[in-house]
Amino acid sequence: MSQSRYKTMGQQFGRRSWAEPWKIKMVEPISMTSPKERQKALIDAGYNTFLLRSEDVYIDLLTDSGTSAMSDRQWAGMMLGDEAYAGSRNFYHLEEAVKTYYGYKYLVPTHQGRGAEHLISQALIKKGDYIPGNMYFTTTRLHQEIAGGTFIDVIIDEAHDPDDTHPFKGNIDPEKLETLIKKAGKENIPYVSLAGTVNMAGGQPVSMANLKATRKLCNRYGIPIYLDATRMVENAFFIQEREAEYSGKSIAEILKEFCSYTDGAWMSAKKDHLVNIGGWLAVNDNELFDKLRNMVVIYEGLHTYGGMAGRDMEAIAIGISEAVQDDHVRSRVNQVRYLGDLLSEWDIPIVQPVGGHAIFLNARSIYDHIPQDQFPAQRLAAELYLDSGIRAMERGIVSAGRDPETGDHRYPKLELVRLTIPRRVYTQAHMDVVAEAVKAIFDNRKQTKGLKMVYEPSVLRFFQARFESIT
Ligand code: F0G
């Protein structure tokens, strides 16, 4: 039986009561390779799915980043790109959309999320600072470390337990946060780094109540809160579903209220905003804005394009208004749950409850005979590709990297493989194929051995590390 506490709408009402609020106008052919071709491709890629060629992949669930299908309106908007170096019309559309839906005063465009992370980290963090947050994200933490800070995880304990069905596993633990503030001193905490739906925890949301309490606590100490709004629209959906007083509010209303308790946000538009590239940073503080606007011209581009073409900014502006539509978000999250429910019914261990953007397979439990330093999740992602040409991503010990002080592996509690669902791209039949492939790997799990790392980059090693099979 399904362990998932949050059923699809169809299961709740005894029939399928949702469907995608769009139809398909253009298709991109994909094709399946032979087992022999996949074997060769996998060895050439050093058992790292980031190093596979896309044309060797059948169903690509590596990421939901930059892989969305744009709408006909967004494509029409691309034709209205104003490719002026300065003052592009599209920048003002984007600025207006961010103000309308997120409510922040000042906008700095960036080429993607990590461009914004770089700017905010450099602007706010001084050497020796501590940055509390609700679980690390790879690029976010790295930029905080490069700026001289140390990231401190203050997420609730439940987030580290893949089986715990807490409805808001993205919540901050106020006690952990206050203990840190007292120990480190408020002057050494430049901001709280809050992510709306926590990627590494399984796409888990933060409740409005938790944010309000965090805000109160931060106000007492004069510490600002900056939001990673990358998948905040999905977070708003969970608030609507699980916090009684928000059940009658729209996603757009919830999003704006949530942002109103924060001081600014950075954004990878490649996710929620249904585009292939882009990002931004938005703040309310005029002085900080001035600093960021000076920095953006060094690292990204002029403050009215920040590394994006005019057409990209137009597509984001339109994407923002599509992303906050209730029926869009509902069908997006329910497609992810559809896959999760299939796997749960077969008793395949996944992170519960199913989050907003992906299914996370519990590789530690599936390959309980492979020690963590033989990379069980890396192996599982490789096996999935070998079996069916499906590409997934390791989110375990390889992603966690090494402790900068000791140089040892960080051993995260969560050793996961992420099956990330791009928005508006795959059908329910694709999800069926994925579920059957995972089942085949699961049934064969006892035969599988670990990997050894034979090449290790010094930063963000998961992108380019290479492995060999242990025989
Ligand atoms: N924050 C979160 C929560 C993210 O998931 C990402 C990217 C970023 C920031 C960085 O944004 O890629 O535009 O520079 N996540 C991708 C993923 C790569 O696959 O989860 P970016």
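**View 1. The lining of the largest pocket, by residue type.** In this predicted model, the residues that line the largest pocket divide into 15 nonpolar, 10 polar and 10 charged. The lining is made up of 35 residues, and those that lie nearest the centre of the pocket are M26, A69, M70, R424 and V425. Two elements, α3 (72-78) and α13 (326-345), each give two or more residues to this lining, and α3 gives the most, with three residues. The volume of the largest pocket is about 1,500 Å³.

View 2. The ligand takes up the space of the second largest pocket. Around the ligand there are 17 residues, of which T63, R114, D228, S268 and K271 come nearest. Sorted by type, the residues of this shell divide into two nonpolar, eight polar and seven charged. Helix α5, which spans residues 113-124, gives the most to the shell, with three residues.

**View 3. Side chains next to oxygen atoms of the ligand.** A polar side-chain atom of T63 is found 2.7 Å from an oxygen atom of the ligand, and a polar side-chain atom of R114 also lies 2.7 Å from an oxygen atom of the ligand. For S268, an N or O atom in the side chain is 2.6 Å from an oxygen atom of the ligand. Taken alone, the ligand would expose 470 Å², and the protein buries 95% of that area.

How values were computed:
Residues numbered from 1 in each chain as written. Predicted model: local features only at pLDDT ≥ 70, side-chain atom pairs only at ≥ 80, totals over all residues. Heavy atoms only, no water. Near = heavy atom within 4 Å. Polar contact = N/O pair within 3.5 Å; in protein donor to acceptor, adjacent residues only side chain to side chain. Areas by Shrake-Rupley, 256 points an atom, 1.4 Å probe, with all protein chains shown as cover. 1 Å grid on protein atoms, 1.4 Å probe; cavity = no way out; pocket = protein on both sides within 12 Å on 5 of 7 lines; lining within 4 Å. Sits in = over half its atoms within 2 Å of the grid points. Helix = DSSP H or I, 4+ residues; strand = E, 2+ residues; numbered from the N terminus. Nonpolar A, V, L, I, M, F, W, Y, C, P; charged D, E, K, R; others polar. Points joined across faces, edges and corners; volume = space filled by probe spheres on them.
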